[in-house]
Amino acid sequence: MEVIIKGDYNGISKEAAAYIADFLYHKPNAVLGLATGSTPLGLYKELIRLHADEGLDFSKVITFNLDEYVGLPPSHDQSYHFFMWQNLFSHVNINPENVHIPNGMAKNVTVFCSWYEEEIEAYGGIDIQVLGIGTDGHIAFNEPASSLGSRTRLKTLTQQTIDDNARFFKNAEEVPRYAITMGVGTIMEARTCILLASGESKADTVAKAIEGPVTSMVSASALQLHPNAIFVLDEPAASALELHDYYRWVYENKPRES
Ligand code: PGA
């Protein structure tokens, strides 16, 4: 695992965007796994800036989003469809046919989830998966006790997640109870995983994910078993890490390619 600690939120957004942009310059038809939530907003802003100012090209990029609320149509302003178009896709030259987001209105969720898995495979798998982390340790909506081998499926949200996400709705009652989410096993097949975390409220969870035991109770801890997982943290999110100074030293003294 690589742990990159930056001073602030702007720093983590720029670091993740630079990594993705560099990858896209080498592989313009890359398959990106994308996340929603407040954490990746800065990353998406920076990708939009790179598109506008430096011509970063999304025309051949394929995307797969991690999750979607069940019961919210794409037009709902809290759906993840709406979020992705509002915060990234409408501002870059992505081909709408290359965008994949779980269908929260699917009539047969099981059939839809199998199709989604097959579609990821048909595109050759995910090159870079962007992740946030919930205060309950989830990646995507893989709530505590999700199997570390789980695939795309229906998941019931925990009260913690409902309370965390209530800030986006009128009240907690309006937050959907169910979501379609990629599984931990699905995410672990991405060739690179980049997990972003910001703020002190994530510090204890981040420490559990990086330095605690691998456990389904903190699904992000599965990334300890991933061959290319990168945690990009701001100082407050990194503040509970036992080996904080070591990670900083390793990053600052990393041999750079010329
Ligand atoms: P946040 O959500 O980015 O809004 O903190 C992260 C998550 O729940 O995965």
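**A short tour of the model**

Modeller: A145 has a relative accessibility of 52% and so counts as exposed, where exposed means over 50% relative accessible area, buried under 20% and partly exposed in between, with a 1.4 Å probe and protein chains only. A word on the basis: this is a predicted model, in which local features need pLDDT of at least 70, side-chain atom pairs count only at pLDDT 80 or more, and totals for chains, interfaces and linings use all residues. Residues are numbered from 1 along each chain as its sequence is written, and side-chain values use heavy atoms, with hydrogens and water left out.

Colleague: Thanks! Where is the place of A145?

Modeller: Strands here are DSSP runs of E with at least two residues, numbered from the N terminus. A145 is not a glycine, yet its phi is positive, near 80°. Its place is in the loop between strand 6 and strand 7.

Colleague: And is A140 buried or exposed?

Modeller: A140 is found in the loop between strand 6 (128-131) and strand 7 (153-156). Although A140 is not a glycine, it has a positive phi of about 50°. Its relative accessible area is 9%, so A140 is buried.

Colleague: How many disulfides does the count come to?

Modeller: A disulfide is a covalent bond between the sulfur atoms of two cysteines. The rule applied here asks for a pair of cysteine sulfur atoms within 2.5 Å. By this rule, the count of disulfides is zero.

Colleague: Why is C193 too far for a bond with C113?

Modeller: C113 is in no disulfide, and its nearest cysteine sulfur is that of C193. C113 is buried at a relative accessible area of 3%, and C193 also counts as buried, at 1% relative accessibility. The bond is out of reach because the sulfur of C193 and the closest cysteine sulfur, in C113, are apart by 19 Å.

Colleague: Which residue in strand 8 is the bridge partner of D67?

Modeller: Strand 4 and strand 8 (residues 178-181) run antiparallel. Three bridges join these two strands. In strand 8, the bridge partner of D67 is T181.

Note on methods. Helices (H or I, at least four residues) and strands (E, at least two) are DSSP runs, numbered from the N terminus. Two strands pair if DSSP finds at least two bridges between them.
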